[in-house]
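Subject: Structure handover

Hello,

Here is the structure for you to take over. My notes on what was found follow below it.

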Amino acid sequence: TASTITGRVLRFSQAGKPSVIAQGLPGDGILATPDGGLYVSVNRVKTETRGAQTSPPGGEVWYLKGGAKRLVANGLRHPTGLALRPDQWLLAVAEGDSHTGMSYQIGANGILINGERFFWLHVPDGLDNAAPEQVCFAGEGQILFATNFGVQTCSDDGSSQTIFPLPDRTAVVGLSFGGPDSSTLYAFSGARIWRRKVKLHGVGAFSPRARISGSPL
C-alpha cells in the first residue's frame, strides 16, 4: 500500500502485520512488477479541487526494489494509475489533471525512458481534463482508463476506441477485470460497483510476459 498522508509504502504479511519498505513518498498509485519491484506515482503538491487543472507539472514516478528507491520520471500532471503492458516492455501512467496517458519504455533496473503523452482521452467540448484515475491493460493490447466520463478504451496505437459511461453517469474512480476467465469488467464509482461482460481479458500484476495478439472489442 501507498499513503498520500503518511508518505509510507507498506508491505503486509498474510497475518496482516505491516512493515515499512519506503518513506517520504506520498503515493497516489502503486504497481507491483513480476521481478519484485514497485512503481509508485507521487504528487507532493496538494490541490483543493480535483478535476480542474490546478496541479503544477511536478508529479513523479519512483521505482522501489531491494530496499532502494529511485526517481524514474518527473514533470507529470498529477500522475495516478500505473499499468504494465502485457509484454512488459512499456509502462502506462495516467495523468490525473489532463486528458492524456503517458507511455514509457522500461529500461534496465526499472528506469523509464522515451516517455511521451501517447494515449488520448475524450472530454466534453470546452474542457481539457478527463481526470483519469486507474488504468489497466487487457491481454489483447487495449488499455482502459477510469475517467470522469466513463471507462475509456484506447487501442495499442494510443487512439481512443470506446467510452463506456456508467448508467448513472458518475465518474469512474477505479476499474478491474475479474470473473472465471477475467473477462468481466468492474467499474468503481464511490459507493457503487458496476460490472459488464466484455470480449477482452485482464492480466494480473504478476502475470508472465505475454505476446499481444489482438481481439475485437
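In what order do the four strands of the open sheet with S7 stand? The order is S7-S8-S9-S10, and the pairing is antiparallel. Strands pair here if DSSP finds at least two bridges between them. Helices (H or I, at least four residues) and strands (E, at least two) are DSSP runs, numbered from the N terminus.

Two points on the basis of all this. This is a predicted model, in which local features need pLDDT of at least 70, side-chain atom pairs count only at pLDDT 80 or more, and totals for chains, interfaces and linings use all residues. Residues are numbered from 1 along each chain as its sequence is written, and side-chain values use heavy atoms, with hydrogens and water left out.

The S7-S10 sheet

Strand S7 (79-84) and strand S10 (112-120) are the edge strands of this sheet. Each pairs on one side only. The twist averages 25° from one strand to the next. For such angles, axes are lines fitted to C-alpha atoms, for helices over the stretch in contact, and angles run from 0 to 180 degrees between N-to-C directions.

S7 is joined to strand S8 (residues 90-95) by four bridges. Proline 79 has glutamate 95 in S8 as its bridge partner. The hairpin of S7 and S8 has five residues between the strands. There, glutamine 88 takes a positive phi near 65°. At S10, six bridges make the link to strand S9 (residues 100-106). Glutamine 105 stands opposite isoleucine 113 in S10.

S7 is largely enclosed by the rest of the structure, because six of its six residues are buried. Buried means under 20% relative accessible area, exposed over 50%, and partly exposed in between (1.4 Å probe, protein chains only).

The loop between S8 and S9 holds histidine 99. Histidine 99 counts as buried, at 10% relative accessibility. Leaving aside neighbours within four places in sequence, its contacts (heavy atoms within 4.5 Å) include Phe119, Trp120 and Asp128.

The cores

A nonpolar core is a set of buried Ala, Val, Leu, Ile, Met, Phe, Trp, Tyr and Cys residues joined through side-chain atoms within 4.5 Å. The largest one has 14 residues. Tyr39, Val61, Leu82, Leu91, Val93, Tyr104 and Leu112 touch the most other members. Strand S5 (59-65), strand S6 (68-76), S7, S8 and S9 each give two or more residues to this core. S6 provides the largest share, three residues.

Leucine 82 is worth a look on screen. Leaving aside neighbours within four places in sequence, leucine 82 is in contact with residues including Tyr39, Val61, Leu91 and Val135. Another core, of 13 residues, lies apart from the largest one. Its members include Val151, Leu175, Leu185 and Leu200.

The other open sheet

Four strands also form an open sheet in the order S11-S12-S13-S14, with antiparallel pairing. Its edge strands are strand S11 (135-137) and strand S14 (160-164). The twist averages 20° from one strand to the next. Three bridges join S11 to strand S12 (residues 143-147). Isoleucine 143 in S12 is the bridge partner of phenylalanine 137.

The largest pocket

About 600 Å³ of space lies in the largest pocket. The search runs on a 1 Å grid over the protein atoms alone, and a pocket is an open set of points where a 1.4 Å probe fits, with protein on both sides within 12 Å along at least five of seven lines. Lining residues have an atom within 4 Å of a point. Grid points are joined across faces, edges and corners, and the volume is the space filled by probe spheres set on the points.

The lining has 31 residues. Leu31, Leu82, Ala83, Val135 and Cys136 are the closest to the centre. Strand S3 (27-32), S7, S11 and strand S15 (174-178) each give two or more residues to the lining.

Two loop residues

Most residues other than glycine have a negative phi. Arginine 169 has a positive phi, near 60°. Arginine 169 sits in the loop between S14 and S15 and counts as exposed, at 60% relative accessibility. Serine 182 has a positive phi of about 55°. Serine 182 is in the loop between S15 and strand S16 (184-189), and is partly exposed, with a relative accessible area of 26%.

Best wishes
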